[in-house]
Amino acid sequence: MKILTCFKWVNDEADIKVAANSHELIFDRVGYKISDYDRNAIEEAVRLQEQHGGSVAVVTVGAPAAKQSLKDALSRGPGKACFINDPSFVNLEPSQTIAILADALSKQEYDLIICGEGSSDLYAQQVGPGLAEKLGIPCATNVNKLTYNEGNKEIIAERKLDDCVEVVTVPLPALVTVLPDINAPRIPTLKQVLGAAKKPVENVTLDALGQNYEPRLQTISVLGATMERRHLKFGTEPADIKVIIDALLKEGILA
Amino acid sequence: MMAGIWIFAENREQTLELINAGWNLADELGVNLVAFALTEQLAQEYIKYGTDEVLLLPPLTQEQPLESYVPVIVEAARNADPDVFFIGATKRGKEMATRIAASLNTGLATECNAFALDQEKKLLVMERMIYGGKAVQKVVCTTRPQMATIPARTFELAPLQEAKEGKIIRLTAAPPSPVKIINRNSKVQEAVDITEAKIIVSVGRGVEKKEDIALAQELASILGGTVGCSRPIAEELHWLPEEVYMGISGKKVKPDLYIGLGVSGQIQHITGIRDSKIILAINRDENAPIFDAADYGIVGDLYDVVPNLIKAFSNVLKI
């Protein structure tokens, strides 16, 4: 089985600061990471390959600087990487990423594409199902258990939905998006980290795609979320507790 | 023509919320309000709640998932060219919206929690949370239809308008889906609906073992509240049912009082509780981010503080 697994190289949201007055975001000294749920996607691809053989390639779309992500991704087990990059591939909105991936992957051979359920920066949750639609292949989203039925060339996916758990069969080629509880991504070993640098990387450029990708969603502003809170801190003394309880009574919170 | 504000949600409540969301907008833009319905009875009902036209979807077979309607909805939208399309942001709704947007070559704002109409450009300025809830992104969709998925309970239910009349249009059956359902288990409601709770005592990683949740339960019962938790307590440790974890990927709650016990306050959790009226946090780490989100913070060991809180609340509430 040929598996492609997509990941996004994102700012670590924990490092982003919010300016006190302007509420603008400060990205100084912000680290990068493979988006959290995409680590589950990579792990699931590698797990299936260990069971059924075949190959796993990781795919990402980004600016040339995102090249640094490939070693991290490849150290997690995939055999090769497909790096779709251009200096203009920054702050892409979901429909752009979908279109770019669809154009690049339509030239690849695959049986199964695995994506995370949403990225930890925008969490738009669109790239998986949108890509499936553009490629004209079936998809199952929100999957927390995945098995491959080799005989029928289909997957059996357990989807965790709002009001039910639904088990579906999906003929290959297909795409799934996975939830974080599908597996526990393994920490790469030193040997894997060292080996990652030697794995092949296929560069796909904007020229090769031969298209322009205009945004359909335009960002007007991004500002830190504000919350009006009192920020009163207390110790553990009975007097402290009394002040808090009196305040709650005054608020009419305690009936 | 059917152009106008379109609405699709997988259940009645969310459809009525979206009808409410679309009502003023349809008025401002001078267009119809159009909703999808899954049954004839719901179709009649949606008209009484303010819909001008209802697009009735024929029933699915046992093995067809709800997502099988995507091609039917796409075709209807291609024919009618709606101005705006709101879809209820359930998990299925988000998948369907994305696939519809991809087919229609338009943009989609996921989990839009507020919007305003730019009168001049006739564009919706839509707000959504990004970076785990740390920031608010405002977007406009420059292609038609302008699409958004809207989370449950973002809007009130639309008011009933007994005299309202509307038209029902029957759509064609969904084509067979390559994705086939082989089993479906409805989730058993293991716990109370935490989104309705007035007081929530929330358990975080600072609670050392499962048995200690009893302490949270005691505090909650004295206050007439309910116990919830952060994601790891439900998803990793399975100490509490998934229905009660709060956060960006869990429940979004609006209690009068939220009490966090040993909750560190990761931004993903804060996003689920940010609409709480009052936040009280107890954590022994004075630098825990929960204190940035709290009205009242107690820096101390929850195992010392909670029994004292229980005693003090009991005295005040005369239990």
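This is a predicted model: local features need pLDDT of at least 70, side-chain atom pairs count only at pLDDT 80 or more; totals for chains, interfaces and linings use all residues.
Let's start in chain B, with a right-handed β-α-β unit built from β2(B), helix α2 of chain B and β3(B). The helix in that unit covers residues 40–48. The two strands, β2(B) at residues 32–37 and β3(B) at residues 53–56, run parallel and are joined by four bridges.

Now, β3(B) has another partner. Strand β10 of chain B, residues 167–170, runs parallel to β3(B), and four bridges join the pair. Here the residue to look for is Val54(B), whose bridge partner in β10(B) is Ile168(B). While we're looking at strands, a reminder: in a regular strand the side chains alternate between the two faces of the sheet.

Let's step back to the whole of chain B. The domain assignment gives us domain 1, residues 4–170, and domain 2, residues 194–317. Taken over C-alpha atoms, the centres of these domains of chain B are 34 Å apart. What does each domain bring to the contact? Six residues come from domain 1 of chain B and eight residues from domain 2 of chain B. On the domain 1 side, by class, you'll find two nonpolar, two polar and two charged residues.

Before we leave chain B, a few backbone details for those of you who like them. Which residues here have a positive phi without being glycine? One of them is Asp81(B), at about 50 degrees. Asp81(B) sits in the loop between α3, residues 70–80, and β4, residues 84–88, of chain B. Asp81(B) counts as partly exposed, because 13 C-beta neighbours lie inside 10 Å. Another is Lys122(B), with phi near 55 degrees. You'll find Lys122(B) in the loop between β6, residues 114–118, and β7, residues 123–130, of chain B. Lys122(B) has 12 C-beta neighbours inside 10 Å, so this lysine counts as exposed.

There's also a cis peptide bond in chain B, between Arg144(B) and Pro145(B), with omega about -15 degrees. Pro145(B) lies in the loop between β8, residues 135–141, and β9, residues 146–150, of chain B. Chain A has a cis bond to show you as well: from Leu172(A) to Pro173(A), with omega near 0 degrees. That proline, Pro173(A), is in the loop between β11 and β12 of chain A.

That brings us over to chain A. Chain A has seven helices and 15 strands, and its C-alpha atoms fill a box of roughly 70 × 40 × 40 Å along the principal axes. Of its 255 residues, 42% count as buried. Among the contacts in chain A with a separation of 6 or more, 69% are between residues 24 or more positions apart.

Tyr148(A) and Met1(A) are 147 residues apart in sequence, yet 9.4 Å apart from C-alpha to C-alpha. Leaving aside neighbours within four places in sequence, Tyr148(A) is in contact with Met1(A), Leu48(A), His52(A) and Ile155(A). Is Tyr148(A) buried or partly exposed? Partly exposed, because 19 other C-beta atoms lie within 10 Å, where buried would take 20 or more.

Last stop: where the chains meet. The contact takes 65 residues from chain A and 69 residues from chain B. On the chain A side, the elements that each supply at least two residues are α3, α4, β9, β11, β14, β15 and α7. Which of them gives the largest share? That's α7(A), with ten residues. By class, the chain A side divides into 34 nonpolar, 15 polar and 16 charged residues.

Let's look at α7(A) itself. This helix has 14 residues, 238–251, and reaches 20 Å from its first C-alpha to its last, close to the 20 Å expected. Just after α7(A) comes Gly252(A), with a positive phi of about 75 degrees.

β15(A) pairs with strand β16 of chain B, residues 296–299, in the parallel sense over three bridges. To find the place on your screen, go to Lys233(A), which stands opposite Gly297(B) in β16(B). Thanks, everyone!

Note on methods. Residues are numbered from 1 along each chain as its sequence is written. Chains are lettered from A and ligands numbered from 1 in the order in which they are written. The expected span of a helix is 1.5 Å times one less than its number of residues. Two residues are in contact if their C-beta atoms, placed from the backbone, lie within 7 Å. Ala, Val, Leu, Ile, Met, Phe, Trp, Tyr, Cys and Pro count as nonpolar, Asp, Glu, Lys and Arg as charged, and the others, Gly among them, as polar. Two strands pair if DSSP finds at least two bridges between them. Domain bounds come from an automatic or database domain assignment. A crossover is right-handed if, with the strands pointing away from the viewer, the path from the first strand over the helix to the second runs clockwise.
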